[in-house]
Amino acid sequence: LPRMLPLFRAGLGGSLGGGRQWTSWIHRDDAIGLVGAALADTRYDGPVNAVAPTPVRQRELAAAVARAVGRPAFVPVPAIVLRSLLGSRAALLLTSQLTVPAAATAAGYAFRYPRLDAALTASVG
């Protein structure tokens, strides 16, 4: 988010590649809370995905960040541009990974920010 905000605040934000790739996210308060819960609660056993329960498509993420800063998100970054700038690291932004917090949900973790818009509003101010 800190790397995205300057571009979005300048009105230069937009989706990456085709924008259809799934993006998991988590508010820092929930990340900290989830780690604490996993350390303290014996119901957590094994790996725990520290992600919010509502993954979004990359274009939805861009639109939500734009709303949070009150700017449009109409400048998509084509995949070819990302690949030329980042090389093989562009795959991290262009591939889809649908990750859900199955262990956290099963253990009853109550997310403070389960929805992206609320998390961004709290983070961006």
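Predicted model: local features only at pLDDT ≥ 70, side-chain atom pairs only at ≥ 80, totals over all residues.
Let me start with the inside. The largest nonpolar core has 16 residues, and within that core the residues with the most contacts are Phe 8, Trp 25, Val 65 and Leu 116. Which elements give two or more residues to this core? They are helix H1, covering 5–9, helix H3, covering 58–69, and helix H7, covering 116–124. Of these, H3 gives the most, with 6 residues. Apart from this core lies another one, made of 7 residues, and among its members are Leu 34, Ala 37, Ala 107 and Tyr 109.

I would like to stay with Trp 25 for a moment. If we leave aside residues up to four places away in sequence, Trp 25 touches Val 51, Ala 52, Thr 54, Pro 55 and Val 56, and also Tyr 113, Pro 114, Arg 115, Leu 116 and Ala 119.

Thr 54 is placed in the loop between H2 and strand E2, the strand being residues 56–57. Is Thr 54 buried or exposed? Its relative accessibility is 15%, and because buried means under 20% relative accessible area, Thr 54 counts as buried. A polar atom of the Thr 54 side chain lies 2.4 Å from the backbone oxygen of Pro 114. With the same exclusion of residues up to four places away in sequence, Thr 54 touches Trp 25, Pro 114, Arg 115 and Leu 116.

Now to the charged side chains, where a search of the whole structure finds 3 salt bridges.

In one of them, the side chains of Arg 112 and Asp 29 meet at 3.2 Å, taken from N to O. Arg 112 lies in the loop between helix H6, residues 102–107, and H7, while Asp 29 lies in helix H2, residues 28–40, so this pair ties together parts that are 83 residues apart in sequence. As for accessibility, Arg 112 is exposed, at a relative accessible area of 57%, whereas Asp 29 is partly exposed, at 31%.

Another salt bridge joins Asp 117 to Arg 67, with the closest N and O atoms 3.0 Å apart. Here Asp 117 belongs to helix H7 and Arg 67 to helix H3, so the pair ties together parts that are 50 residues apart in sequence. Asp 117 is partly exposed, with a relative accessible area of 38%, and Arg 67, at 52% relative accessibility, counts as exposed.

The remaining pair is Asp 41 with Arg 43, whose closest N and O atoms are 2.6 Å apart. Asp 41 is partly exposed, its relative accessible area being 21%, while Arg 43 counts as exposed at 55% relative accessibility.

Finally, the surface. Which residues form a nonpolar patch there? They are Ile 80, Val 81 and Leu 85, which together have about 310 Å² of accessible area. Val 81 is found in helix H4, residues 79–86, and with a relative accessible area of 34% Val 81 is partly exposed.

That is where I will stop, and I am glad to go back to any of these residues on the screen.

How values were computed: Residues numbered from 1 in each chain as written. Heavy atoms only, no water. Patch = residues over 30% accessible without salt bridge, like charges linked within 9 Å, V, L, I, M, F, W, Y side chains within 5 Å. Areas by Shrake-Rupley, 256 points an atom, 1.4 Å probe, with all protein chains shown as cover. Salt bridge = Lys/Arg side-chain N within 4 Å of Asp/Glu carboxyl O. Helix = DSSP H or I, 4+ residues; strand = E, 2+ residues; numbered from the N terminus. Buried < 20%, exposed > 50% of the residue type's maximum accessible area, 1.4 Å probe, protein only. Core = buried A, V, L, I, M, F, W, Y, C linked by side-chain atoms within 4.5 Å. Contact = heavy atoms within 4.5 Å. Polar contact = N/O pair within 3.5 Å; in protein donor to acceptor, adjacent residues only side chain to side chain.
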